[in-house]
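Please open the model in your viewer and keep the sequence beside it. The stops below tell you what to select next and what is to be found there.

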Amino acid sequence: MVSTFLVFAAGLSFFWGALLLYNTSAGGVTLTTNDLLVALLSWCIASVCLGSAAVLDGIRTATRKMYEKLDELAGRPD
């Protein structure tokens, strides 16, 4: 659930940054440093969200495998 939210937030941040750059260039206005920094900041937020989602998914997978291995080692009561 958290990973899904982080991927959604990453996609939203990425497209928000792209939209800001597109609106600036489509409006015929010259690209300023602040416009570029805001777009880059949005893309940095997107990469942090995607990285966090990947780490959380890895932790969840490792926990599930560890739980299964502990069940196997302990033996299931019949």
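Rings of Phe, Tyr and Trp (for Trp, its six-membered ring) are said to pair if their centres lie within 6.5 Å, and the pair is called stacked when the planes are under 30 degrees apart, edge-to-face when they are over 60 and tilted for the rest. With that rule, a search of the whole structure finds two aromatic pairs. Before you look at them, please note that this is a predicted model, in which local features need pLDDT of at least 70 and side-chain atom pairs count only at pLDDT 80 or more, while totals for chains, interfaces and linings use all residues. Residues are numbered from 1 along each chain as its sequence is written, and side-chain values use heavy atoms, with hydrogens and water left out.

**The rings**

Select Phe-14 and Phe-15, whose ring centres are 5.5 Å apart and whose planes meet at 75°, so this pair is edge-to-face. Phe-14 is partly exposed at 40%, whereas Phe-15, at 59%, counts as exposed.

**The whole protein**

Zoom out and colour by secondary structure, where helices (H or I, at least four residues) and strands (E, at least two) are DSSP runs numbered from the N terminus. The protein has two helices and zero strands. Its radius of gyration, taken over C-alpha atoms, is 21 Å, well over the 12 Å that the globule rule (2.2 Å times the number of residues to the power 0.38) gives for 78 residues, so the protein is more spread out than a compact globule. Along the principal axes, the C-alpha atoms fill a box of roughly 75 × 15 × 10 Å, and buried residues make up 15% of the 78 residues.

**Helix H1**

Select residues 2-26, which form H1. After H1 comes Gly-28, which has a positive phi near 80°.

**Helix H2**

Next select residues 33-74, which form H2. Its 42 residues should span 62 Å at 1.5 Å a residue, and the end C-alpha atoms are 61 Å apart, which agrees. Ala-39, Ser-42, Ala-46, Cys-49 and Ala-53 are the buried residues of H2, and these pack against H1. Stop at Ser-42, which is buried with a relative accessible area of 9%. Which residues does Ser-42 contact, leaving aside its neighbours within four places in sequence? They are Ser-13, Phe-14, Trp-16 and Gly-17, contact meaning heavy atoms within 4.5 Å. Just after H2, Gly-75 takes a positive phi of about 80°.

**The core**

Finally, select Leu-6, Ala-9, Ala-10, Ala-46, Cys-49 and Ala-53, the six residues of the largest nonpolar core, where such a core is a set of buried Ala, Val, Leu, Ile, Met, Phe, Trp, Tyr and Cys residues joined through side-chain atoms within 4.5 Å. H1 and H2 each supply at least two residues of this core. Within the selection, Cys-49 is in contact with Leu-6, Ala-9 and Ala-10, its neighbours within four places in sequence being left aside.

Technical notes
Buried means under 20% relative accessible area, exposed over 50%, partly exposed in between (1.4 Å probe, protein chains only). The expected span of a helix is 1.5 Å times one less than its number of residues.
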